[in-house]
Amino acid sequence: MSKSFLFKILFLFFNRILFGKVRGFHRNLSNNHATTQLFKYQKYPSLALRLDLLSKTLIFNVEEVLLKSPSLFPYFMLVAFEAGGSLRAIVLFLLYPLICLVSEETGLKIMVMVCFFGIKKERFKVGRAVLPKFYLEDVGLEIIEVLKRGGKKVAVSKLPQVMVEDFLREYLEIDVVVGRELKVFHGYFVGLIEEKKKDMIRLEEILVKNKADSNMIGISGFNISLDDHQLFTQCEEIYLVGKADKRSWQRLPKQKYPKPLIFHDGRLALRPTPLDAVAIFMWAPFGFILAIFRILISNSLPTNISTPLNAFSGMYLTTTMPKNSYSLSNTEKGKNSRGLLYVCNHRTLLDPVYLNVILNKSVTGVTYSVSRISEMLSPIKTVRLSRNRDQDGRMVESLLNQGDVVVCPEGTTCREPYLLRFSPLFAELGDVIVPVAIDTHVTMFYGTTASGLKCLDPLFCLMNPTPMYTVQFLEKVSGLSKSCSTSSNGVVSKFDVANHVQSEIGKALGFECTNLTRRDKYLILVGNQGKV
């Protein structure tokens with residue numbers, strides 16, 4: 001009898017987990033139907049065929065409609081790790097089994113408490129700098145095509161407002177965003193969510209304001225609950241998106257983003273699902289030891305010994321060297337004792353180090369805002385730029401008289417396939433300029449940051465199991481001192497040289513050239529002008 005009773009209990013437990021949501025939908029739908037006879041529920045595919053959406057206000061549920069993934073845990077894990085640190089992320093991960101067992105609303109409250117308790121509101125930038133990348137990778141192409149055809153767009157989310165508003169407004173051009181509000185005490189989040197009544201009052205005000213403009217169409221999932229009742233009462237029609245619909249959708253490709261994602265921040269390079277979170281936490285101790293090993297052998301051993309050891313540890317390096325693009329003949333060297341000026345796009349702090357390894361000769365890296373610890377750990381000589389044009393010019397001139405110099409004229413790193421505007425200072429200083437196109441690939445951690453500790457950049461970069469670098473040396477270019485003063489198009493200026501070098505590197509990598517600067521990056525990600 002005891003075994004039979006235990007079996008029944010287990011059967012009922014798993015039956016509730018697997019089919020509870022389905023029964024809940026039918027129960028909620030029947031309750032809604034009893035109180036709102038005028039609702040018109042339709043299946044989603046018929047919405048894609050409508051031609052009159054431009055005159056409608058589309059109200060959609062972010063979690064049930066926009067995002068393909070059914071789990072919100074990865075986004076809270078990103079908040080915990082990036083805003084609160086690794087300890088907070090571990091606590092959230094340990095609570096994951098409990099979050100799965102309790103109700104959806106209770107699980108949401110647990111995640112909010114763990115992630116936001118004690119975080120200063122003014123310093124919370126994860127919603128603007130980190131989360132948009134991962135949201136965009138989880139958006140369905142088909143629903144975006146429908147939203148583009150609509151008039152006004154209203155997004156309703158069960159996530160905190162600070163987690164979704166910047167993404168929806170800036171990258172998807174949503175007119176109104178209604179998320180859950182968090183309680184704040186003396187400028188700090190206390191980890192509690194405001195009552196839904198206040199959120200619904202705010203939503204009603206928005207809907208009443210927009211009601212006079214156009215009719216409203218609701219788009220939601222089959223997980224309709226009575227909490228969404230006030231949203232649906234304002235809609236003339238409601239289209240329901242099923243799980244099968246979302247599974248058939250394609251993920252939104254980067255070239256179809258409503259607004260290109262050029263800058264993003266954060267250390268994690270992969271979406272931390274529960275399984276990926278296990279991999280990250282298990283690898284982190286080994287990755288830390290491996291990074292220290294890579295740093296030690298690079299600083300203590302000759303290049304011809306350290307390079308094979310680094311390759312054995314999992315580091316990949318691919319190099320392309322056209323003839324005469326990286327060295328001078330003896331005759332040319334005799335006429336000009338100044339060193340070469342290597343001009344490369346900036347992917348990580350290790351860019352000059354990789355050039356030093358490839359060339360197998362001493363080079364000086366000229367950088368902006370490098371930390372003291374990074375200078376101490378660097379196996380090559382590094383020199384800081386002061387951002388004073390005359391002073392920096394004299395310093396680079398002095399360094400070129402001593403040997404070869406590596407400079408990254410973007411002034412900051414960019415993770416995505418874009419090139420920032422090149423500072424034209426290098427065009428006036430180098431007699432011979434060698435453009436270098438660099439690309440990187442990481443699997444777990446980003447080795448760059450705008451808001452975190454820059455001294456940890458090399459460590460995080462080297463903690464990746466298999467960091468990959470691709471370096472292409474392009475045909476050399478004459479600086480202003482050796483170039484002709486005029487051309488068929490007129491006077492050759494420092495801007496012409498800088499734009500030419502940027503264009504050649506962009507073509508080699510397949511990257512898009514922009515006029516954005518370091519200042520633009522830090523204003524977007526951190527809210528300052530990049531002063532460290």
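In this predicted model, helices α14 and α15 cross in a left-handed sense. Helix α14 covers residues 274-300 and helix α15 covers residues 303-312. Their axes lie 8 Å apart and form an angle of about 165°. Angles over 145 degrees count as roughly antiparallel, and α14 and α15 are therefore roughly antiparallel to each other. On the side of α14, the contact is made by R294, I297 and S298; on the side of α15, S306, L309 and N310 take part. By class, this contact has two nonpolar, three polar and one charged residues.

The report now turns to the spaces within the structure. A search of the whole structure finds four cavities of 30 Å³ or more.

| Space | Volume | Lining residues by class |
|---|---|---|
| Largest cavity | about 250 Å³ | six nonpolar, twelve polar, four charged |
| Second largest cavity | about 100 Å³ | eleven nonpolar, one polar, no charged |
| Second largest pocket | about 930 Å³ | 20 nonpolar, eight polar, seven charged |

The largest cavity holds about 250 Å³ of space. It is lined by 22 residues, of which H346, L349, Y368, T413 and K454 are the closest to its centre. Two elements give two or more residues each to this lining, namely β11 (363-367) and α23 (518-525). Of the elements, α23 gives the most to the lining of the largest cavity, with three residues.

Which residues line the second largest cavity? The lining is made up of L341, V366, Y368, L385, V396, V407, C408, P409, S423, L425, F426 and L429. Helix α20, which spans residues 425-429, gives the most to this lining, with three residues. By class, the lining of the second largest cavity has eleven nonpolar residues, one polar residue and no charged residue. Y368 is named for both cavities: it is among the residues closest to the centre of the largest cavity, and it also belongs to the lining of the second largest cavity.

The second largest pocket contains about 930 Å³ of space. Among the 35 residues of its lining, those closest to its centre are F81, E82, A83, S451 and G452. At least two lining residues come from each of α3 (73-84), α4 (86-94), α7 (126-129) and α14. Helix α3 gives the most to the lining of the second largest pocket, with four residues.

Note on methods. Residues numbered from 1 in each chain as written. Predicted model: local features only at pLDDT ≥ 70, side-chain atom pairs only at ≥ 80, totals over all residues. Heavy atoms only, no water. Axes fitted to C-alpha atoms, helices over the stretch in contact; angles between N-to-C directions. Parallel < 35°, antiparallel > 145°, perpendicular 65-115°, else oblique. Left-handed = near helix turned anticlockwise from the far one by under 90°. Contact = heavy atoms within 4.5 Å. Nonpolar A, V, L, I, M, F, W, Y, C, P; charged D, E, K, R; others polar. 1 Å grid on protein atoms, 1.4 Å probe; cavity = no way out; pocket = protein on both sides within 12 Å on 5 of 7 lines; lining within 4 Å. Points joined across faces, edges and corners; volume = space filled by probe spheres on them.
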